[in-house]
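Here are a few notes for a colleague who is meeting this structure for the first time.

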Amino acid sequence: MVTTGMLVLLLVFPHMVCKVQTMKCSGRNPLQIPYEWYQPGKILIGGIATHIGYIFPRPLFTAHPSQEPKNKLHVVTKFYQHILALAFAVNEINENPKLLPNITVGFHIYDSFYDARMAYRTTLDLLFKSYSFLPNYKCGRKKNVVGFIGGLNSDFSSCMADILTLYKVPQISYGSFEPTVDERNNFPSFYRTVPSEALQYRGIIQLLHHFKWKWVRFIISGDDGGEHFLQALEPLLSQNGICAASIERVPKHLRLYDLGALVLDMLRDIPVLLEKNVTAFVIYGDTATIMWVTCILWVKTIVTQTEDTEKPSAGKVWITTAQIDFTFTALQRTLDIQMFHGALSFTIHSKELLGFSSFLQNTKPSGTKGDGFINKFWEQAFLCSIPNPDAPTNVNELCTGEEMLDSLPGPVFEMSMTGHSYSIYNAAYAVAHALHAMYSFRSNREKMKDGDRLVPLNIKAWQLHTFLQKISFNNSAGDQVMFDDHGELASGFDITNLFTFPNNSYIRVEVGRLDPQAPSGEEFTIDEDKIEWCKNLTQVGSGLHATMTILDLSQTYMDNCVSCPEDLYPNKGQDHCIPKVSVFLSFAEPLGIILTFLALFFSLITALVLGIFLRYMDTPIVKASNWSLTFILLISLLLCFLCSLLFIGQPNKVTCILRQTAFGIIFSMAVSCVLAKTVMVVVAFTAFKPGNCFRKWVGKRLGHTILILTSIVEVGICAVWLATSPPFPDLDKHSVSGEIIVQCNEGSVTMFYCVLGYIGLLATVSFLVAFLARKLPESFNEAKFITFSMLVFCSVWLSFVPTYLSLRGKNMVATEIFSILLSSAGLLGCIFSPKCYIIVLRPHLNKREQLIKKKN
């Protein structure tokens, strides 16, 4: 997420453009962005790709960050096609005389470097940087970026959206699926040329149901996206009688380009992943997830290569989601893609585009102007070194620059257009069509120049949204492109089968389709005759018989797969159910003992203070404190401390009804006493002014009236609560795994917060009145003490609400008890400790003469 400082910087300063003749922008780049591709144009499309793994050093503060040494980078060469797809689309747009005539479209592409900080930085660079980096300032040449395309996954898409939403710049993601960035209220500028994630969930269930795979192992990414995937899929699995044999989470910090980290993270999971009782594996995540699985199988293959055993991937069916692509980096060339032969994948729908293959073939390091990525791609794709006179190299094999991309294996680079590249192509055309619609709309209201050619207009990026939301066009492959109400592409997924070859190449064969726009009952289609299964599943010769082999194995485990009852939970092996433990705040546990001791201790202190005031009730200080209200306040505080004991122990019907209502009524009486005492102080000092109308209100009647009226309101609220929806004992079996929380259900949460809210209102009024009365003469004035006591009281309960809402079980109960004790102790200490000090330790000051002398 965006750092606090960056958010403040972006929100505080308004849009400003630095003009060369009035202001000279200066500044040094805090960190040099090493690679980019800039193609000029009157209008620019910004792009954030993700294909370079670059470990940025921590600042050493010994040199400028741009001068600090950089660690070696690693290129995911297959994803370089994403960059070429954008360049190809922009070139087509510029060559199309019917689309944006007289307007040259350019692009500026950066990389996120698999780092959230760099995603933020490069996004800001595309918005503001020309010659120097000054966020929120546009310096040097004019740079009219009207839309952004990126990022590859939800993490980097959300990083970009954090920035672009502030400036209302359209962003079209080409690979983000996770629903966290699907909130149109939070990210109204966010679109994506990929279908809905929910559609993919339904497709996975339909695929498993079609082949009757009932015993399935799930491998997911260990992040929020993976957890959301599980939460969304679990009810669908249950409804269709499908069991999860186990769930493996890929470490969140995994990186494609760090093979050492991959190996360390996978060692503990080799035995679990290779259990032979599971045939179907569903893999959810991104390319790093499939690389984690690949490395496990690779290590297992090396360990068993001297033994006469089958391959560890034999007899397994891999089902991958659309975010996953089979790719290798330069360090991973020795891995064998054939271990995934026969895999079924949900892929973003794509078609071959006329001229794209030729465009790839003509891509050479010497012939691509402005492309700062191609040299590193070329070196790592072909394992050679491009000659550089400024940096001589010892590498023996030099690149000729004439190597052919179609000679590379599929995991290194694909010549056919991938789903992500197709999404980028559609995103570029979506921006172009929206711009064309905007120009046409505005030109109809302005004078035209040069015949039918569009007049270049001064447009702002935020103006594009109205047209982008309504676009609908057919691309060059004949597919319709339009966004739905959620900003997602109104399309479906292809289901492909992976065919692998000994040279580590592969092809994807479309064997099915998931189309939400198809007629009812035909949304999911699959052709079993086209499927090439993995070796051990094709012994009988056909895909249908292979399916039966899987069914036999899966059904064996399905017979013993049952859900645990609500009061039980599965053990780690998920082979039997264990009783859940009942949990509540007990008097016998350490926390309960501590809270009970504090409640009794403060009760004893309150009783001691009450005894002192009764003993010295005829002294001036006690009389000046309005002794009747003081005694009621002390008794209320004593009951406050004691009522906290109702929250400890196993809840029952009586304690559930009493605990909140008793707390509310007693606390409102205590605060009402404080309010009455404060008002009495104000009236007492105001009434004795000549001709003042408050003189008739002086006396005990005023204080008692305030106490009764304010307390009776809280009694009424509690009565309504008990009459309509009273609290009752309840069992929470779902919040905490392995535990049953024995608790009091509040019945009506609204009434509970009404009780708290009314107490808060009384406390606020008391605080304000006491604060205004703090400068009255000090002899008989306790307003200062009341002010401080109410400040403590309000602080405690303002902290209580968010803490209470974030906890469950006995911790939630302990928080309320602690708040009751702390706020009551605050009232007791702030109001009565100064008086007890004078009464007990300084009795010579507790005389009328001393008070009058102090007043004079």
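1. Helix α12, which covers residues 419-443, lies across β3, β8 and β9, and runs at about 155 degrees to β8. Please keep in mind throughout that the model is a predicted one.

2. The strands that α12 lies across, β3, β8 and β9, belong to an open sheet of 6 strands, whose order is β2-β6-β3-β8-β9-β10 and whose pairing is mixed. At the edges are β2 (37-39) and β10 (190-192), each of which pairs on one side only. On average, and with direction ignored, neighbouring strands of this sheet are turned by 20 degrees against each other.

3. Within the sheet, β3 (residues 43-49) and β6 (residues 105-111) pair in the parallel sense over 7 bridges; as an example of the pairing, I45 has F107 in β6 as its bridge partner.

4. A further helix, α4 (residues 154-167), also packs on the sheet, where it touches β3, β8 (145-149), β9 (171-173) and β10. The direction of α4 makes about 175 degrees with that of β9.

5. How enclosed is helix α11 (residues 374-382) by the rest of the structure? Because 7 of its 9 residues are buried, α11 is largely enclosed. The buried residues are I374, F377, W378, E379, Q380, A381 and F382, and they pack against β5 (74-75) and α2 (80-95).

Terms used:
Residues numbered from 1 in each chain as written. Predicted model: local features only at pLDDT ≥ 70, side-chain atom pairs only at ≥ 80, totals over all residues. Heavy atoms only, no water. Pairing = 2+ DSSP bridges. Helix = DSSP H or I, 4+ residues; strand = E, 2+ residues; numbered from the N terminus. Axes fitted to C-alpha atoms, helices over the stretch in contact; angles between N-to-C directions. Contact = heavy atoms within 4.5 Å. Buried < 20%, exposed > 50% of the residue type's maximum accessible area, 1.4 Å probe, protein only.
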